Amino acid sequence: MTDPFTIISEFLERCGGEVQGRSLEELPPPEVQSQIEAFARGTLEASSREALVQLLHDHPEWIGRLAEEVKSLRTNPGKHP
Amino acid sequence: MTEGGLQREEENALRQRCLAGHDASLRQLREMFHGLLVGVLQQRGANPTEAADIVADLWSECVGDHGRPSLLARFGGRCALRTWLIAVATNRLVDVKRRERLRHQDKGREALTGHPASNLPTPPREEALTRLLHVCLQEALCHCDQDGLLMLKLVHLHGLTQREVGQMWGWHESKISRHMGNAMEAISAGTRAGIRRRDPWLEIGWEDLLEVCQAGPEGFF
């Protein structure tokens, strides 16, 4: 059975929302990309996290980048920027 | 036949026969779902007359005629036919209640001002509940804990594990699980509260709203 969050996300996407960030991707600025990489590694300071979290919600396509950064650590745990 | 309904293939075959104008199949469809639809509408706030009228209209639209396609042609198969029929009927109930409220408001304004009521068009009836749900979900997502919302997206939409998300935050995965659960509960509560504010007569639970999400908005928007 599909989880409730996926159900509502797919519904909002069909309604024209941008939950999953599949539209044309705007690249994050370098400083944001650095923060995304730090967040993926677990080294982002908590004081910077709130602003980055809101930025990610405003740019759903960047959440995908964050996820890919985390996944890249699965095979390369010692990865450095 | 599975418990509670037809297999999808049987549903599809029944629907195709109804679309072809097969009278016996249309009767079968009514027999299977009429009582269910009337009952669900009454549970959701319709009086017996409203429920009966809405369902009667729905059946009449399942028979396409004079160039008007059957309502069943809009069913895309994303969910069970039962779920879709319930969503269509509930959308129409929301529309009926809103039009009734608007009529009362317009009559009141006319009585006070002496000016005729507005003739602005209202959204098509199939969209009433779906639009309402869309608005209320968006509001609930904006107001829930944003860390929890991001965790939900990372795990459910992007395939991360709760352990990986825990490592991002520097938390144990059990804390991540609690945050996600709390965020989901807030989304559910916020959505239902938003619906109650706008349509306080509508009695509809979270599981039912999820069924509406699965059923629409194909063919509605």
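Select helix α3 of chain B, residues 48-62: at 1.5 Å a residue its 15 residues should span 21 Å, and the end C-alpha atoms are 21 Å apart, which agrees. The expected span is 1.5 Å times one less than the number of residues; helices are DSSP runs (H or I, at least four residues), numbered from the N terminus. This is a predicted model, in which local features need pLDDT of at least 70 and side-chain atom pairs pLDDT 80 or more, while totals for chains, interfaces and linings use all residues. Residues are numbered from 1 along each chain as its sequence is written, and chains are lettered from A in the order in which they are written.

Within α3(B), colour B:Ala51, B:Ile54 and B:Val55, which are buried (20 or more other C-beta atoms within 10 Å of the residue's own; exposed means 12 or fewer; C-beta atoms are placed from the backbone). Viewed down the helix axis, the buried residues of α3(B) fall within an arc of 90° and so line one face; the arc is that of the directions from the axis to the C-beta atoms. On the face turned away from the buried side, find the exposed B:Thr49 and B:Ser60.

Next, display both chains: 23 residues of chain A are in contact with 24 of chain B (C-beta atoms, placed from the backbone, within 7 Å). On the chain A side, α1(A) gives the most, with nine residues.

Finally, in chain B, select domain 1 (8-98) and domain 2 (127-215), whose bounds come from an automatic or database domain assignment. Their centres, taken over C-alpha atoms, are 29 Å apart.

Note on methods:
Helices (H or I, at least four residues) and strands (E, at least two) are DSSP runs, numbered from the N terminus. Two residues are in contact if their C-beta atoms, placed from the backbone, lie within 7 Å.
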